[in-house]
Amino acid sequence: MEQAHNTLDAVCLQVFGKISASVSHDLKNVLAIINESAGLLDDFALLAAKGVEIPADRLNITTARILRQVKRGDTILRNMNRFAHTTDAPVLQSNAAEIVALVVDLAARQSAMKEVTFTTAPAAGMIRTCLVYFEACIYLLLRQIIEVLPAKETVAISVTQEENTILIRFANGNGLPMIADQTFPGEQEKALMAWLKAEMSAGPGALVLRLPADIG
Amino acid sequence: MRVLLVDDEEELVSTLAERLTMRGLTAAWVTGYRAALDIVEKEPFDIALLDVRLPEMNGLELKRLLAARCPEMKFIFLTGHGSEEDFKACSAESGKEYYLIKPVQIEVLMAKLNEIFQG
């Protein structure tokens, strides 16, 4: 039992590390854009001091870019903060669709690299489980889908509740398989799914994860 | 000096190109590897400034493709990632002094561009 928990904690730590690296990369880009935009305003100020007239729209475009990036950075940090707080207690209750959408946002860098798009929709179902294990499981599934699908594909994710079961469906309109071969789920995913009492079924164009709405 | 900037962050690469142009350089920018391979067929460049993490193809692979097409072209890597693995791989290709971490000061970048151009 202790060994199983060690495996799960190691998996979650790896996922946490990957997400942190991705978030830090995104924040570096945000800072780089703010840095260049502030530098451009500085360049304009130097030109203005020499008597060169700077069109107002050039200033507006640059300041709007800074404000957009501040908003982007705030969203990235808010997501990271929500993710970090899912470790506050071993078992927590939350809206399942919101957790899935959060993980999709946290995996945005990876999906952008492959130009794979995930769409999500709000849904009412609540889940009470170890949220960090749940998030790690969804994250690893998303990584698998990103790895397997060709570039520029879209996957629609829907979350529904049937009595005491939460169903998360990943669907590709082109009917493409989302599991590479027998190596997925691997040991890490199997360990997470066993703890979460989750079952996965996969067919052409769809992958469905079923797990109890309350782990008990 | 003709510089090609390749980064999937359009707002970064366009602003940087504008600032380099204001400093007397000829700067063009693209946001993906396909556009980078296309533009070098049409225009000559002395230096390419490459993001390490690009969609579909990493900067290291792109550097090799560009170098095969433009043997005289020189390269600087610019990354927000900063992993040890990326640093080793990219600095082995370009020299560690030409592996820059975002955000970079324009004076530092200009100095590196001049240095690699004259070297």
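## A cis proline in chain B

Pro103(B) is placed in the loop between β5 (99–101) and α5 (106–118) of chain B; helices here are DSSP runs of H or I with at least four residues, strands are runs of E with at least two, and both are numbered from the N terminus. The peptide bond that joins Lys102(B) to Pro103(B) is cis, with omega near -10°.

## Model and numbering

This is a predicted model, in which local features need pLDDT of at least 70 and side-chain atom pairs count only at pLDDT 80 or more, while totals for chains, interfaces and linings use all residues. Residues are numbered from 1 along each chain as its sequence is written, and chains are lettered from A and ligands numbered from 1 in the order in which they are written.

## Chain A overall

Chain A contains six helices and seven strands. Their order along the sequence is α-α-β-α-α-β-β-α-β-β-α-β-β. The C-alpha trace of chain A spans about 70 × 40 × 30 Å along its principal axes.

Of the 216 residues in chain A, 31% are buried; a residue is buried if 20 or more other C-beta atoms lie within 10 Å of its own, exposed if 12 or fewer, and partly exposed in between, with C-beta atoms placed from the backbone. Among contacts in chain A with a separation of 6 or more, 76% are between residues 24 or more positions apart. Two residues are in contact if their C-beta atoms, placed from the backbone, lie within 7 Å.

## The largest nonpolar core

The largest nonpolar core has 49 residues, and Val100(A), Tyr133(A), Ala136(A) and Cys137(A) touch the most other members. Such a core is a set of buried Ala, Val, Leu, Ile, Met, Phe, Trp, Tyr and Cys residues joined through C-beta atoms within 7 Å. Elements of chain A that give two or more residues to this core include α1 (2–49), α2 (56–85), α3 (96–106), β4 (154–162), β5 (165–172) and β7 (206–212). The largest share, 13 residues, comes from α5(A).

## Helices α5 and α6 of chain A

Helix α5 (residues 131–148) and helix α6 (residues 187–196) of chain A have axes that come within 10 Å and cross at roughly 140°. Axes are lines fitted to C-alpha atoms, for helices over the stretch in contact, and angles run from 0 to 180 degrees between N-to-C directions. α5(A) and α6(A) are therefore oblique to each other; angles under 35 degrees count as roughly parallel, over 145 as roughly antiparallel, 65 to 115 as roughly perpendicular and the rest as oblique. The crossing of α5(A) past α6(A) is left-handed: a crossing has this hand if the near helix is turned anticlockwise from the far one by less than a right angle, and is right-handed if clockwise.

On the α5(A) side, the residues in contact are Tyr133(A), Phe134(A), Ala136(A), Cys137(A) and Leu140(A), and they meet Gln188(A), Glu189(A), Leu192(A), Met193(A), Trp195(A) and Leu196(A) in α6(A). By class, the residues of this contact are nine nonpolar, one polar and one charged. Ala, Val, Leu, Ile, Met, Phe, Trp, Tyr, Cys and Pro count as nonpolar, Asp, Glu, Lys and Arg as charged, and the others, Gly among them, as polar.

## Helices α2 and α3 of chain B

In chain B, the axes of helix α2 (residues 33–42) and helix α3 (residues 59–69) come within 10 Å and cross at roughly 10°. α2(B) and α3(B) are therefore roughly parallel to each other, and their crossing is right-handed. Tyr33(B), Ala36(B), Leu37(B) and Val40(B) in α2(B) meet Leu62(B), Leu65(B), Leu66(B) and Arg69(B) in α3(B). The residues of this contact are seven nonpolar, no polar and one charged.

## Contact between the chains

Between the chains, 16 residues of chain B are in contact with 17 residues of chain A. Helix α1 (residues 10–22) of chain B gives the largest share of the chain B side, seven residues. That side has six nonpolar, three polar and seven charged residues.

## Backbone features in chain A

Most residues other than glycine have a negative phi, and most peptide bonds are trans. The peptide bond from Phe184(A) to Pro185(A) is cis, with omega near 5°, and Pro185(A) is in the loop between β5 and α6 of chain A.

Glu115(A), which is not a glycine, has a positive phi of about 55°. Glu115(A) lies in the loop between α4 (108–114) and β2 (117–119) of chain A and counts as partly exposed, with 17 C-beta neighbours inside 10 Å. Lys152(A) also has a positive phi, near 70°. Lys152(A) is in the loop between α5 and β4 of chain A and is exposed, with 11 other C-beta atoms within 10 Å.
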